[in-house]
Amino acid sequence: MDNNQVEDAEFEELDPEPDKPSGKVYPTQVVLTIRAIVGGYLVYLAYQIITSGNEISTWMWAAVILFIIAGAALVVMSVKHFICGEYEGGKKDENR
């Protein structure tokens, strides 16, 4: 067996996707709107479960809490992106 030692080699770094523009890729306004609608619907579903009048088990309370947190997060983040212009063609999009 012959053990050859490899010397330090210099490698040229290649751009993995040369056609892709640099910078962040932002969602479209339609995607942000759909996210806000879905978030609102999740909060609405949680409200419907709470006011249903049926006995709510521990697992249902866990689902209600999850729906409220996820729905509120979707709505808040979508509105924040709209306000800050973080969407395709918005004021923070460098690739417009």
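Residues are numbered from 1 along each chain as its sequence is written, and side-chain values rest on heavy atoms, with hydrogens and water left out. Because the model is predicted, local features need pLDDT of at least 70 and side-chain atom pairs count only at pLDDT 80 or more, whereas totals for chains, interfaces and linings use all residues.

The secondary structure of the chain consists of two helices and zero strands (DSSP runs numbered from the N terminus, with H or I over at least four residues for helices and E over at least two for strands). Of the 96 residues in the chain, 17% are buried (under 20% relative accessible area, with exposed meaning over 50% and partly exposed in between; 1.4 Å probe, protein chains only). The accessible surface amounts to about 8,200 Å², and 59% of this area belongs to carbon and sulfur atoms (Shrake-Rupley method with a 1.4 Å probe; for residues, only the protein chains shown count as cover). Among contacts (heavy atoms within 4.5 Å) with a separation of 6 or more, 62% are made by residues 24 or more positions apart.

Helix H1 comprises 22 residues (29-50) and reaches 32 Å from its first C-alpha to its last, close to the 32 Å expected at 1.5 Å a residue (the expected span being 1.5 Å times one less than the number of residues). Its buried residues are Leu-32, Gly-39, Leu-42, Ala-46 and Ile-49. Seen down the axis of H1, these buried residues fall within an arc of 115° and therefore line one face of the helix (the arc being that of the directions from the helix axis to the C-beta atoms). The buried residues of H1 pack against helix H2 (58-84). Exposed residues Val-30 and Ile-37 lie on the face of H1 turned away from its buried side.

One salt bridge is present in the structure (a side-chain nitrogen of Lys or Arg within 4 Å of a carboxyl oxygen of Asp or Glu). It joins the side chains of Lys-80 and Glu-86, at 3.1 Å from N to O. Lys-80 is partly exposed, at 34% relative accessibility, whereas Glu-86 is buried, at 11%.

Two aromatic pairs are counted (rings of Phe, Tyr and Trp, the last by its six-membered ring, with centres within 6.5 Å; planes under 30 degrees apart are stacked, over 60 edge-to-face and the rest tilted). Phe-82 and Tyr-87 form a tilted pair, with 5.9 Å centre to centre and 55° between the planes. Phe-82 is partly exposed at 29% relative accessibility, while Tyr-87 is buried, with a relative accessible area of 16%.
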